[in-house]
Amino acid sequence: MKKLIILFTLLFLFSFAKTNKAPDFNLKDPYGETFSLSQFKGKIVVLNFFKIYCGGRTAPGTLNQIEELKKICNEMCKGKKCKDGNLTIIGITLSSCSTTDLKIWVEEKGIKWYVGNDLDDYNLDIIKNYAEYLKTLKDPCLIFINKNGEVVFKSNYMKADEIKKKLKELNLI
């Protein structure tokens, strides 16, 4: 009887266990293609959050982070917009300035993965849904999502070798 009570107690506790399920989202890239996080289920996803200010200015470190992600993309991603293969990178920006053309900005920076502006629909739903993870991070920041769609790591700026090392530590690659 004691074992049965313990079993039911554990089942009850696990039913209320907090999940780190990554919130799904839909975004439109600068070329008009709509994409969602859920379309990459079964893949490792690295979300890169950053801000673009008027005139295309960014926070210190944003361009450096993009350069480091380019190294990861060139080595570990495949296909158009880095969506084929086991790893996908998605850039999520908050650009409130109408003078910043995201398409031109992405092309100038040589970004080969999906990038979308969370302010496009004026809801900021992605930022709101990821606020729990973002509140302790600086701009730019990264969130790693495993093949099951769970947030497994978050960090401020990381170099390419640090990203690969962390992906290995987390048994993602």
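Reader: What pattern does the protein chain follow, read along the sequence?
Author: Read that way, the protein chain goes α-β-β-β-α-β-α-β-α-α-β-β-α. Helices are DSSP runs of H or I with at least four residues, strands are runs of E with at least two, and both are numbered from the N terminus. Keep in mind that this is a predicted model: local features need pLDDT of at least 70, side-chain atom pairs count only at pLDDT 80 or more, and totals for chains, interfaces and linings use all residues. Residues are numbered from 1 along each chain as its sequence is written, and side-chain values use heavy atoms, with hydrogens and water left out.

Reader: And how many helices and strands are there?
Author: The protein chain has 6 helices and 7 strands.

Reader: What share of the residues is buried?
Author: Buried residues account for 43% of the 173 in the protein chain. Buried means under 20% relative accessible area, exposed means over 50%, and partly exposed is in between (1.4 Å probe, protein chains only).

Reader: Which way do the residues of β6 point?
Author: Cys-141, Ile-143 and Ile-145 point one way, Leu-142 and Phe-144 point the other way, and all are buried. In a regular strand, side chains alternate between the two faces of the sheet.

Reader: Which strands pair with β6?
Author: Strand β3 (residues 44–51) runs antiparallel to β6, joined to it by 5 bridges. Strand β7 (residues 151–156) also pairs with β6 in the antiparallel sense, over 5 bridges. Two strands count as paired if DSSP finds at least two bridges between them.

Reader: So what does Cys-141 face in those strands?
Author: Phe-49 stands opposite Cys-141, and in β7 the bridge partner of Cys-141 is Asn-156.

Reader: What's in the hairpin of β6 and β7?
Author: There are 5 residues between the strands, and Gly-149 in that hairpin takes a positive phi near 80 degrees.

Reader: Where is Ser-155, and what does Ser-155 touch?
Author: Ser-155 is in strand β7, and it is buried, with a relative accessible area of 13%. Not counting residues up to four places away in sequence, Ser-155 touches Leu-137, Cys-141 and Leu-142. A contact here means heavy atoms within 4.5 Å.

Reader: Back up a bit. Is the peptide bond from Asp-139 to Pro-140 cis or trans?
Author: That bond, from Asp-139 to Pro-140, is cis, with omega near 0 degrees. Pro-140 lies in the loop between α5 (131–134) and β6.

Reader: What about Asn-171, what is its phi?
Author: Phi of Asn-171 is near 55 degrees, a positive value in a residue other than glycine. Asn-171 lies in the segment after α6 (160–169), and it is exposed at 67% relative accessible area.

Reader: New topic: how many salt bridges does a search of the whole structure find?
Author: The search finds 4 salt bridges. The rule is a side-chain nitrogen of Lys or Arg within 4 Å of a carboxyl oxygen of Asp or Glu.

Reader: What does Glu-68 form a salt bridge with?
Author: Its partner is Lys-71, and the closest N and O atoms of Glu-68 and Lys-71 are 3.3 Å apart. Both are in helix α2 (residues 62–76), and being 3 residues apart they are separated by about one helical turn. Glu-68 counts as buried at 11% relative accessibility, while Lys-71 counts as partly exposed at 47%.

Reader: Which parts does the pair of Glu-75 and Lys-164 tie together?
Author: The side chains of Glu-75 and Lys-164 meet in a salt bridge at 3.1 Å, N to O. Glu-75 lies in helix α2 and Lys-164 in helix α6, so the pair ties together parts that are 89 residues apart in sequence. Glu-75 is exposed at 53% relative accessible area, and Lys-164 is partly exposed at 23%.

Reader: And where do Lys-166 and Glu-169 sit?
Author: They are 3 residues apart in helix α6, about one helical turn, and their side chains meet in a salt bridge at 3.0 Å, N to O. Lys-166 counts as buried at 19% relative accessibility.
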